[in-house]
Amino acid sequence: MNRISITLSVLVAMITIDGIAAEKDKEDRYSNYYAAKRALERGDCHAVVFQLEAYLRNHSYIQEEYPDHYREIRFAMDQCKGGLKIRGIEDESGESDLLPDHPPIAD
């Protein structure tokens with residue numbers, strides 16, 4: 001019985017470590033995207049545009065393979081550049097999350 005418990009514990013630990021490593025790899029691969037998200041939270045539009053331009057440059061396939069995601073990126077950049085304004089009814093505008101938490105790119 002003790003061997004089964006140890007074996008199961010080792011398997012759970014290996015699966016957990018593998019999941020953490022995969023998440024870290026994704027974060028490293030899309031570091032510009034996550035940096036843009038953090039800059040957006042800080043309200044640093046210059047950094048948002050800089051990081052998203054780098055993200056699109058590093059992942060040139062996004063425009064063709066993920067057109068909806070590409071439009072989200074361009075929308076966020078336009079918002080930061082002042083080229084696009086969103087207003088609610090009677091000048092009440094709600095907080096809009098410009099970028100999803102993670103890029104929708106399947107690995």
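## Crossing of α3 and α5

The crossing of α3 and α5 is left-handed, a term used where the near helix is turned anticlockwise from the far one by less than a right angle, with right-handed for clockwise. In this predicted model, local features need pLDDT of at least 70 and side-chain atom pairs count only at pLDDT 80 or more, whereas totals for chains, interfaces and linings use all residues. Residues are numbered from 1 along each chain as its sequence is written, and side-chain values use heavy atoms, with hydrogens and water left out.

Helix α3, residues 45–58, packs against α5 at an angle of about 150 degrees, and their axes are 9 Å apart; axes here are lines fitted to C-alpha atoms, for helices over the stretch in contact, and angles run from 0 to 180 degrees between N-to-C directions. α3 is therefore roughly antiparallel to α5, given that angles over 145 degrees count as roughly antiparallel, under 35 as roughly parallel, 65 to 115 as roughly perpendicular and the rest as oblique. On the α3 side the contact is made by C45, V48, V49, L52, E53, Y55 and L56, and on the α5 side by H69, Y70, I73, R74, A76, M77, C80 and K81, where contact means heavy atoms within 4.5 Å. By class, this contact of α3 with α5 has 11 nonpolar, one polar and three charged residues (Ala, Val, Leu, Ile, Met, Phe, Trp, Tyr, Cys and Pro count as nonpolar, Asp, Glu, Lys and Arg as charged, and the others, Gly among them, as polar).

## Packing of α2 on α3

Helix α2, residues 31–42, packs with α3 at an angle of about 165 degrees, the axes being 8 Å apart, and the two are therefore roughly antiparallel to each other. The crossing in which α2 passes α3 is left-handed. From α2, the residues N32, Y33, A35, A36, A39, L40 and R42 meet A47, V48, Q51, L52, A54, Y55 and N58 of α3; by class, the contact of α2 with α3 has 10 nonpolar, three polar and one charged residues.

## H69 and the end of α5

H69 lies in helix α5, which spans residues 67–81, and is buried at a relative accessible area of 2% (buried means under 20%, exposed over 50% and partly exposed in between, with a 1.4 Å probe and protein chains only). Not counting residues up to four places away in sequence, H69 touches Y33, Y55, I62, P103 and P104.

G82, in the segment after α5, is partly exposed, with a relative accessible area of 38%. G82 and C45 are 37 residues apart in sequence, and their C-alpha atoms are 9.5 Å apart in space.

## Salt bridges

Side chains of opposite charge can pair when their charged atoms come close. The structure holds two salt bridges, each defined as a side-chain nitrogen of Lys or Arg within 4 Å of a carboxyl oxygen of Asp or Glu. In one, D68 pairs with R71, the closest N and O atoms being 2.2 Å apart; both residues lie in helix α5, three residues apart, about one turn of the helix, and D68 is exposed at 53% relative accessible area.

D44 forms a salt bridge with R42, with the closest N and O atoms 3.6 Å apart. D44 counts as partly exposed at 30% relative accessibility, whereas R42 counts as exposed at 57%.

## The chain as a whole

The chain has five helices and zero strands, where helices (H or I, at least four residues) and strands (E, at least two) are DSSP runs numbered from the N terminus. Of the 107 residues of the chain, 27% count as buried. Among contacts in the chain with a separation of 6 or more, residues 24 or more positions apart account for 59%.
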